[in-house]
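This report walks through one protein model, from its overall surface down to single residues. Please keep the viewer open while reading.

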Amino acid sequence: MRKTISLLLADYHLCACLAALSCAALYLRTIAPSAMWYDMAELPTAAYSLGIAHETGYPLYLLLGKLFTLVPLGNIGYRVNLMSSVFATLTVFVAFLSVWELTRRRSAAAVAALTLGCSSTLWANATLAESYALNAFFTALLTYLLLVW
């Protein structure tokens, strides 16, 4: 007769939250304190004033950015940088769920999600006001929804 060992992190949703929150702590520790140069200054300004950013205009990004400018933390640049961190954190969460759907192994999903979250590309885009973290989130979300479907 085999004894079963109850695991502390038995639920994979809890593991996904833990991986995402670990990356969120990393992003918040290294987030830019204000608006930076080039697009990283243009996008918070356009979000705050509901203006139009260059070429494509980034309508969804600017509308979501306007919501984040209403958060009472730091300055406007920090708030829009915070939006990038939130969407990068959600990307890590959804990546965990996607790998879970493929493998049904918490360890594989955790390694994949943390590798993505700590990769230089996502990490860099999670700390500045750029549209890439939002795009990564939507890509991960659509991938997950296709896997579930």
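## Overall picture

The accessible surface of the protein chain is about 8800 Å², and 70% of this belongs to carbon and sulfur atoms. The model is predicted. Of the chain's 149 residues, 40% count as buried. The C-alpha trace spans about 65 × 30 × 25 Å along its principal axes.

The chain has seven helices and zero strands. Read along the sequence, the pattern is α-α-α-α-α-α-α. Take the contacts with a separation of 6 or more: residues 24 or more positions apart account for 67% of them.

## Aromatic pairs

How many aromatic pairs does the structure hold? There are three. One of them joins Y12 and W100: the ring centres are 4.4 Å apart and the planes meet at 15°, so the pair is stacked. The 15° angle falls under the 30 degrees that count as stacked. Y12 lies in helix α1 and W100 in helix α4 (residues 76-103), so the pair ties together parts that are 88 residues apart in sequence. Both Y12 and W100 are buried.

F137 and F138 make a tilted aromatic pair, with 5.5 Å from centre to centre and 50° between the planes. F137 is buried at 12% relative accessibility. F138 is partly exposed, at 32%. Together with F87, the residues F137 and F138 form one aromatic cluster.

## The salt bridge and R104

Side chains of opposite charge can pair when their charged atoms come close. The structure holds one salt bridge. Which side chains meet in it? They are those of E101 and R104, at 3.6 Å from N to O. E101 has a relative accessibility of 24%, so E101 counts as partly exposed.

R104 lies in the loop between α4 and α5 (106-118). The backbone of R104 has a phi near 60°, a positive value in a residue other than glycine.

## L50, another positive phi

L50 also has a positive phi, about 55°, although L50 is not a glycine. Where is L50 found? Its place is the loop between α2 and α3 (59-69). L50 is partly exposed, with a relative accessible area of 48%.

## A46 in helix α2

A46 sits in helix α2 (residues 39-49). Is A46 buried or exposed? The relative accessible area of A46 is 6%, so this residue is buried: the limit is under 20%. Leaving aside neighbours within four places in sequence, A46 is in contact with G51, I52, A53 and L62. A46 and Y132 are 86 residues apart along the chain, and their C-alpha atoms are separated by 17 Å.

## T127 in a loop

T127 belongs to the loop between α6 (120-126) and α7 (132-148). T127 is buried, with a relative accessible area of 9%.

M36, W37 and Y38 form a nonpolar patch on the surface. Together these residues have about 420 Å² of accessible area. M36 is in the loop between α1 (12-30) and α2. At 37% relative accessibility, M36 counts as partly exposed.

L145 is in helix α7. At 45% relative accessibility, L145 counts as partly exposed. The C-alpha atoms of L145 and S98 are separated by 8.5 Å, and the residues are 47 apart along the chain.

## Accessibility at a glance

The table collects relative accessibility for residues discussed above.

| Residue | Relative accessibility | Class |
|---|---|---|
| A46 | 6% | buried |
| T127 | 9% | buried |
| F137 | 12% | buried |
| E101 | 24% | partly exposed |
| F138 | 32% | partly exposed |
| M36 | 37% | partly exposed |
| L145 | 45% | partly exposed |
| L50 | 48% | partly exposed |

Notes
Residues are numbered from 1 along each chain as its sequence is written. This is a predicted model: local features need pLDDT of at least 70, side-chain atom pairs count only at pLDDT 80 or more; totals for chains, interfaces and linings use all residues. Side-chain values use heavy atoms; hydrogens and water are left out. Helices (H or I, at least four residues) and strands (E, at least two) are DSSP runs, numbered from the N terminus. Buried means under 20% relative accessible area, exposed over 50%, partly exposed in between (1.4 Å probe, protein chains only). Contact means heavy atoms within 4.5 Å. Patches are made of residues with over 30% relative accessible area and no salt bridge: like charges are joined within 9 Å, nonpolar side chains (Val, Leu, Ile, Met, Phe, Trp, Tyr) within 5 Å. Accessible areas come from the Shrake-Rupley method with a 1.4 Å probe; for residues, only the protein chains shown count as cover. A salt bridge is a side-chain nitrogen of Lys or Arg within 4 Å of a carboxyl oxygen of Asp or Glu. Rings of Phe, Tyr and Trp (its six-membered ring) pair if their centres lie within 6.5 Å; planes under 30 degrees apart count as stacked, over 60 as edge-to-face and the rest as tilted.
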